[in-house]
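Please keep the sequence and the 3D view side by side while you read.

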There are 2 protein chains.
Amino acid sequence: MENLFSDRINDVPKSFIREILKVTIDSSIISFAGGLPNRHFFPVKALQQAAHDVFEEAGNEILQYANSEGYLGLRQFISHRYKQRDGLDIPVEDILITTGSQQGLDLLGKTFLNEGDDLIIEEPGYLGAIQAFAMYRPRFHPVPVTEGGMNIDKLAQIQDERQPKLLYTVTNFQNPSGISYNNANRRAVAELIRTSSCLIIQDDPYGDLRFSGERKISFKRLLPEKTVLLGSFSKIVAPALRLGWLAAPAPIMNKLVIAKQAADLHSDYLAQRILHRFLCDNDIDAHIATIIAQYGKQKEAMIGAIRDFFPADVRFTNPEGGMFLWITLPEGMSSMALFEAAIKQKVAFVPGTPFYVDRKDSNTLRLNFSCVDEQTIVEGIKRLGQSIKELV
Amino acid sequence: MENLFSDRINDVPKSFIREILKVTIDSSIISFAGGLPNRHFFPVKALQQAAHDVFEEAGNEILQYANSEGYLGLRQFISHRYKQRDGLDIPVEDILITTGSQQGLDLLGKTFLNEGDDLIIEEPGYLGAIQAFAMYRPRFHPVPVTEGGMNIDKLAQIQDERQPKLLYTVTNFQNPSGISYNNANRRAVAELIRTSSCLIIQDDPYGDLRFSGERKISFKRLLPEKTVLLGSFSKIVAPALRLGWLAAPAPIMNKLVIAKQAADLHSDYLAQRILHRFLCDNDIDAHIATIIAQYGKQKEAMIGAIRDFFPADVRFTNPEGGMFLWITLPEGMSSMALFEAAIKQKVAFVPGTPFYVDRKDSNTLRLNFSCVDEQTIVEGIKRLGQSIKELV
């Protein structure tokens, strides 16, 4: 059997995070390991009503096969929102509805990557993107991100030495680090990319979850012809529906639609219609405001507790939005060893290791603050601080 | 821009069927071109009720991220149905919920196919499978299918000359031909595959839509360790939900789950829960019986009209189920030319050409009988017969 499998699938290791999440099913464990939006904010009643209404209105039409690009009304909503929020003109024809933004990553891999092609990713980087792109066997070139954005010297060096096809970036409240690129860094990245043949993939699942600071400029404004945007309804409405989107210029969109047809014909059309009805009948910005008010409080609780309970030489990011922050332990400490110790104290997190393409251990870790209430956050960070001190 | 695209996506031609379906949007055209189930039979009210009920019962749980394998209850339903209907023991652990069975094809391509690998397909073959597998750039080896099944000599020859990894087959009421493999043919295929390293992919979207004759033996019974099953709820409930499944032995399932995670994390979980509730609260076999009673009548109407209005030297399949039948025009006639002529008579079909991997024209065509009422079928076939006679 083994020799029947493709090289690409044999190269993928067993998911590390899946194994960790299995450990944290134990309900006595305080888990900062997950990456889930807080289910408390899912608009259950409003979606139930929207489901009822679309069945009433559209009967059997919403149950038939639909076009691969996605429901026009939903694409119009997305186009309108880009205009209203960012002043971006993105025509409906440039928007493709995807089965979660995870599928967007897979379709981009299919559309662009030959084996051995050069691809720039962030370090640390989003694991789901690494997994999706890895299926197409590119050469990954990690560029470090720290508070403020991407390391420009390293980016310039790779641009010099290679002809990368794609640069993948989560510019707002990145998963795993919570880091955002400031405007100066975005402009510097754009200047380097402008004269190259590289495209920027700007993945923005968390952009709406800003609880402080100001919205930053989109690469789509800086490099309109060279930017592909990825978006998601998972963090602002509900992930179960698996609805996200891609926005790309027409020549790319034509190819993406071919890849989409081969992948699943189209995304769940009933879900698209329910979501669209929900968005029409409810104030999504008011809904988002409710979510971020709470996430902001939880982040503050976590930062406060870190200051209170962690050793002074532990560094941490202080994100203005999103769901994660990033811890850097003193040089030489192992976050894998800390994980083992912390589980005994009934607290869990994700060690930084899987967010690098080439490491077996690291002194970094990801903490999620969206799913745990403030009191529990303080208790969990206290225990984690104790584990760190014991390990030093 | 062009030189940024991957080789795989540059090799895919613009979808021929999409272009044809655009022509048939004109409501004055009688279309036998589609491949849709009849929307008249979608269980609108029952699904509306199921949606209402799962929101009531499971609140925000049904809106959260879920596991990649799919909802356990739905997988149990599928496992139970294999047992009850075919006497097959397929454990729940061997079942993966997919975003339509189209995604199953993509995941199989990802999991098995390196560029240049040998793959056996039917000729004519299912276009969606050709498109999905083509993304992984295998070498296609078409084996003719005619009434009764696959050409065994040709299959033996390919097995001899090559080491094909996969054999892809739609054994019941195939799309596009309506052909089913008889039991003797299935056994002969299985004997050839048994001692090879090849796996059989048995895609069965239409198996439940049998309006006459007896259910045939599954490859899963003949070659349990070497068969992967694909199934779909699109034809028996509703396609919009994009829910299908793969059933495969554990070593394959482990790899498929990795591919699934990279592709879209999981299929729409709300849709899975709605579908499961619908299946629990309604008699699916009674529902299917209603569909096939009508499809059977429509097929009879089409066969009758063909006998009445087509020249005697036009051959046609007479399927015992499904949604399609297959026409073979006299040698040398062009189904592309017939298409042009027929459109002028306001009747449409799909020329056979796209169902072969290597032809520019053919004397074959596909007719769909699921979406047109009996009276309109007779009128459409009459017009088509006229077009054929004019072209001879």
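Arg242(A) is buried, with a relative accessible area of 2%; buried means under 20% relative accessible area, exposed means over 50%, and partly exposed lies in between (1.4 Å probe, protein chains only). Arg242(A) sits in the loop between β8 (227-232) and β9 (243-247) of chain A. Helices (H or I, at least four residues) and strands (E, at least two) are DSSP runs, numbered from the N terminus. Although Arg242(A) is not a glycine, its phi is positive, about 55°.

This is a predicted model in which local features need pLDDT of at least 70 and side-chain atom pairs count only at pLDDT 80 or more, while totals for chains, interfaces and linings use all residues. Residues are numbered from 1 along each chain as its sequence is written, chains are lettered from A and ligands numbered from 1 in the order in which they are written, and side-chain values use heavy atoms, with hydrogens and water left out.

**Backbone details in chain B**

Phe173(B) also has a positive phi, near 50°, in a residue other than glycine. You can find Phe173(B) in the loop between β6 and α8 of chain B, and at 1% relative accessibility Phe173(B) counts as buried. Pro176(B) lies in the loop between β6 (166-169) and α8 (183-194) of chain B, and the peptide bond from Asn175(B) to Pro176(B) is cis, with omega near 20°. The peptide bond from Glu123(B) to Pro124(B) is cis as well, with omega near 0°. Pro124(B) belongs to the loop between β3 (118-123) and α6 (127-134) of chain B.

**Aromatic rings**

A pair of aromatic rings is described by the distance of the centres and the angle of the planes. Rings of Phe, Tyr and Trp (its six-membered ring) pair if their centres lie within 6.5 Å; planes under 30 degrees apart count as stacked, over 60 as edge-to-face and the rest as tilted. Over all chains, the search finds 22 aromatic pairs, including these two:

| Pair | Centre to centre | Angle between planes | Class |
|---|---|---|---|
| Phe41(A) and Tyr295(A) | 6.3 Å | 75° | edge-to-face |
| Tyr71(A) and Tyr269(A) | 5.8 Å | 80° | edge-to-face |

Phe41(A) lies in the loop between β1 (30-31) and α3 of chain A and Tyr295(A) in helix α12 (residues 284-309) of chain A, so the pair ties together parts that are 254 residues apart in sequence. Both Phe41(A) and Tyr295(A) are buried. Tyr71(A) and Tyr269(A) are buried too. Elsewhere, ring pairs link Tyr82(A), Phe233(A) and Trp245(A) into a cluster.

**Where the chains meet**

How many residues does each chain give to the contact? Chain A gives 77 residues and chain B gives 78 residues, where contact means heavy atoms within 4.5 Å. About 6800 Å² is buried between chain A and chain B, and carbon and sulfur atoms give 60% of it. Buried area is the accessible area (1.4 Å probe) that two parts lose on being put together, summed over both.

There are 4 salt bridges between chain A and chain B, each a side-chain nitrogen of Lys or Arg within 4 Å of a carboxyl oxygen of Asp or Glu. Glu56(A) forms a salt bridge with Lys45(B), with the closest N and O atoms 3.2 Å apart.
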